[in-house]
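This report looks at how two chains meet in the model shown below.

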Protein chains: 2
Amino acid sequence: MSAASQARKRRGPDDLEIVAFERGHFTSYSACGIPYWIGGAVADRDALIAREPAAFAKAGITVRMRHEVVAIDLDRREVIAHDLEDGGERREGFDELVYAAGAVPVTPDWARIDGGGVFGVQTLDDGAAIQAWLDRDPRPRRAVVIGGGYVGVEMAEAMIRRGLEVTLLEKSGQPMSTIDPDMGEKVREAICGLGIEVRTGTRVQGLETAHGRVSAVVTPEGSLPADIVVLGLGVRPHTTLAEESGIPVGVTGGLRTDLRMRVVGPEGRVDGLWAAGDCVQTVHRISGQPVHVPLGTHANKQGRVAGINLGGGYATFPGVIGTAVTKVCDLEVARTGLTEREAAAAGFAFVTASVESTSRAGYYPGASRMLIKLIAERRTGMLLGAQIVGRAEAAKRIDSLAIAVWNRMTVEEMTGLDLSYAPPFSPVWDPVLIAARKATDEVHASR
Amino acid sequence: MSAASQARKRRGPDDLEIVAFERGHFTSYSACGIPYWIGGAVADRDALIAREPAAFAKAGITVRMRHEVVAIDLDRREVIAHDLEDGGERREGFDELVYAAGAVPVTPDWARIDGGGVFGVQTLDDGAAIQAWLDRDPRPRRAVVIGGGYVGVEMAEAMIRRGLEVTLLEKSGQPMSTIDPDMGEKVREAICGLGIEVRTGTRVQGLETAHGRVSAVVTPEGSLPADIVVLGLGVRPHTTLAEESGIPVGVTGGLRTDLRMRVVGPEGRVDGLWAAGDCVQTVHRISGQPVHVPLGTHANKQGRVAGINLGGGYATFPGVIGTAVTKVCDLEVARTGLTEREAAAAGFAFVTASVESTSRAGYYPGASRMLIKLIAERRTGMLLGAQIVGRAEAAKRIDSLAIAVWNRMTVEEMTGLDLSYAPPFSPVWDPVLIAARKATDEVHASR
């Protein structure tokens, strides 16, 4: 819908007819807000909806709700859609097509059971289904969340807040494996502190059902009773329709595009075909590698870029650097750039520096401790990545570090950065600067 | 003391003897914390002290407290100091001298009155004197703060918190004239909301005294009764001793140094003479102009750079970009780079863009509104400056903008920045990105 809006801004209804197809019941909502709605921090589902179909209609954008596109015919320049309400079929011709099918939750075969109680957390319809399940009589008491990434951890917290007993299963050695183990350990403590049982190194083997719904999760260490199972195993790009119409995906499974979000096929750019959002792959600006990073912020930017270009303007999507942030209870967790493992995989030789500091001047009320870790290229000292774990006012400092990574600053240059200081906002040396100093020492020591 | 500590880290006591002279009663304290101590947010004076003289002694740094240096003899390589406790005189030879005399509050002739009740806010001794005055019997009831900059506004709030009636006098058209008038208006509202009477466009003509202490502030509009007067008229570099020893100051009144903080005199670098802190001038990286920016964060960095170099290492101080932050009640105010007036003075042609957004996703509890203004060079779109006025979690976003200014990013490139997003931390488009989008539109419109 970002693409549609931007195109409409540049070309009037007489110049460009815009039709959007949506399989579900909602447009333009915050999927990232679903765990907070489930957990109760956000009272109202409609608060998550940024723009209703009627608002788009008013702007001259036709939205065909509950229409599932089942085929794209690039030669005939038309899409075929099923009307999920009346079962009818609709063919719609196009000159330009924006493919923004998003992603689908990774769902192993064992998770495809008859009966209910197993949920992904991808769409607002998913959220509504979870809410309905939690409100059943008798009320579900035991939740098992499978996967300890952002969504898994956020949903585990949401379930605890709803009063369920919660077990979080993670196959790797730590939850939140998108940050380094030394930082992840703090997250594990915070999750456990909420009363969530965390089991790492656990591979799920299957589900058990009873009375037509899930009753347990089977692991090598035995069965875990469960009245509801939430899948937080990540998502994969939803590219089926594109592939069926002859567009091969990239190495990450996402569609390939150029900088202006024009789809790139086997013989170069595909005329009149655009793609944006969780279904595309992009480039990591630091590793130089193709990556699939399904985050709302990238999807929005890509949609905007596609819409501007489609509308006759010029904009590019420059790639990502792996910035992310979340919150577990009052623990804030953020990352940008490459982790140690990612830096090593990309081929970098690097040093690391971790420092503890405070969010405000130590003597100022409300100061809280935070841990910042920097990863810098050996020899050059270029900042490759950063991670923060702390309390209030900690995590958003990742944006400063993200902009430093983006600009390929060295940690030594960063020690001179003119960052804001006043006692209610930071120590006289902001934690970011203290970390840069320590990292500079490490770079020098490594030469 | 930063310089002393860094030099000591690199050269042992057998290799380098270090002696520091301090006129007052305290070393290494947070002068920026004084308003919060006066206002009561910080309970204890000692909380402001980072390091006691005894701690330096333990590290092999001799600190001669209550010694006022009265002369520097560069030819004989010695300083002459008065012991303020016993009245004696001490001569101390040196090979290398670090001049870090700081700044002195601007004190017009009319403020130099007999008797008490008129205070600058520069040293911890000043803070102690204010505290003692406020605790007098009968208690002061009416405070007049002269000057509406950071210190003036912070002190006005401190006085209100101590239960005094407070009038803030500012000679320009708005308090906080370090930000543009459109943004400053919000600050004025916040100050008035605290119950502080704000009078702008008011030039103080003199003070009245009674019974040996201040009793009123005289303005063209009449006399304002005052039991205590706080001067927030800024500071000027304390360079007297350097000038007397033949070192001319720069155009801003501060000492000139090279990038390694070596003092530059009429014939180039002065052998073995270093300077750091509020007594030096530095360069504004965006305007290219020499500036005097007396802030603790620069002073600390400069001291560290001087100490590293003096100790045989290598470090440079790269200049400033005018970042600053403060808080009035719960209103957060921040700036970086150039304001409109500064940009015009530097010769830039520019566009501006102001946007309102929220600190968190609009639907997430605790989201608060903020105003961000960007100033970008016409045609190139280079970010020249930024200002933020908002509530909790607003102001520290200035660091992101500062790093963008530092790296001479264009506002168009900024629209693609990979900043962190999750509902508790920002809308899906962070306010910084929304501002960059609007500024990009303005740049395009100006071409």
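In this predicted model, 61 residues of chain A are in contact with 61 residues of chain B, contact meaning heavy atoms within 4.5 Å. About 5,400 Å² is buried between chain A and chain B, and carbon and sulfur atoms give 62% of that area. Buried area is the accessible area (1.4 Å probe) that two parts lose on being put together, summed over both. On the chain A side, A:Tyr363, A:Asp418 and A:Phe425 lose the most area to chain B, together 15% of what that side buries.

Chain A superposes on chain B by a rotation of 180 degrees with 0.0 Å of shift along the axis, at RMSD 0.0 Å; this is the relation of a two-fold axis. The superposition is by least squares on the C-alpha atoms of residues with pLDDT of at least 70 in both copies. In chain A, the C-alpha of A:Ser400 is nearest the axis, 2.2 Å from it. Of the contact residues of chain A, 100% recur in chain B.

A:Ser400 also takes part in the contact between helix 10 of chain A and helix 10 of chain B.

| Helix | Residues in the contact |
|---|---|
| Helix 10 of chain A | A:Asp399, A:Ser400, A:Ile403, A:Ala404 |
| Helix 10 of chain B | B:Asp399, B:Ser400, B:Ile403, B:Ala404 |

Residues are numbered from 1 along each chain as its sequence is written, and chains are lettered from A in the order in which they are written. Local features need pLDDT of at least 70, side-chain atom pairs count only at pLDDT 80 or more, totals for chains, interfaces and linings use all residues, and side-chain values use heavy atoms, with hydrogens and water left out.

Notes. Helices (H or I, at least four residues) and strands (E, at least two) are DSSP runs, numbered from the N terminus.
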